[in-house]
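Biologist: I would like a close look at a single part of this protein. Please keep the explanation plain.

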Amino acid sequence: MAASAMKTHINDELKTAMRAKDKARVAVLRLVMAEFKRIEVDERIELDDARVLVVLDKMLKQRRDSIEQYDNAGRAELADQERAESAIIQEFLPQPLSDAELDEIVDKAIAQSGANEMRDMGKVMGLIKPQVQGRADMADVSRRIKASLG
């Protein structure tokens, strides 16, 4: 299997950040590369672009959750640090979908799956997830599906 182009790009950006002595960027990119390596070693696989996207999306979600918790606890300095990390990770994800594009994808998936009640939500999510991975917050997608089916 060929090496992931996204993973190679991130590694190149890490090298550039190291040359520029950008400590904050280096730290985040090292964290990302370490997560890739952990998964490759644990699962004995070579990550492809689709899986890299999933990992980056998961890391971004973790940071969003942390930002919310830090904000609620009044820890602005930690929330700001998480926001800075999120911005760096976000650079490597595809352009986010607009609300209109997301609504269109949800509507098409509901029509395609024949879903008409809440218990069909899993079918709809299964169709949508590969299309929006890294481009939309899955919690937002879930809310949109519930609104359409409910």
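Biologist: How many residues line the largest pocket, and which of them lie nearest its centre?

Modeller: This is a predicted model, and what follows is computed from it. The largest pocket is lined by 16 residues. Nearest its centre lie Val54, Asp57, Lys58, Lys129 and Gln133. The volume of this pocket is about 250 Å³.

Three helices each supply at least two residues of the lining: α2 (23–43), α3 (49–72) and α7 (138–149). The largest share comes from α3, with seven residues. Sorted by class, the lining of the largest pocket has nine charged residues, six nonpolar ones and one polar one.

For a contrast in subject, take the packing of two helices, α5 (residues 99–113) and α6 (residues 121–132). Their axes are 9 Å apart, and the angle between them is about 140 degrees. Angles over 145 degrees count as roughly antiparallel, and 65 to 115 as roughly perpendicular; α5 and α6 are therefore oblique to each other. The crossing of these two helices is right-handed.

On the α5 side, the residues in contact are Leu102, Ile105, Val106, Ala109, Ile110, Gln112 and Ser113. They meet Lys123, Val124, Leu127, Ile128, Gln131 and Val132 in α6. By class, this contact between α5 and α6 has nine nonpolar residues, three polar and one charged. The lining of the largest pocket, as said above, has nine charged residues and six nonpolar ones.

Note on methods. Residues numbered from 1 in each chain as written. Predicted model: local features only at pLDDT ≥ 70, side-chain atom pairs only at ≥ 80, totals over all residues. Heavy atoms only, no water. Axes fitted to C-alpha atoms, helices over the stretch in contact; angles between N-to-C directions. Helix = DSSP H or I, 4+ residues; strand = E, 2+ residues; numbered from the N terminus. Parallel < 35°, antiparallel > 145°, perpendicular 65-115°, else oblique. Left-handed = near helix turned anticlockwise from the far one by under 90°. Contact = heavy atoms within 4.5 Å. Nonpolar A, V, L, I, M, F, W, Y, C, P; charged D, E, K, R; others polar. 1 Å grid on protein atoms, 1.4 Å probe; cavity = no way out; pocket = protein on both sides within 12 Å on 5 of 7 lines; lining within 4 Å. Points joined across faces, edges and corners; volume = space filled by probe spheres on them.
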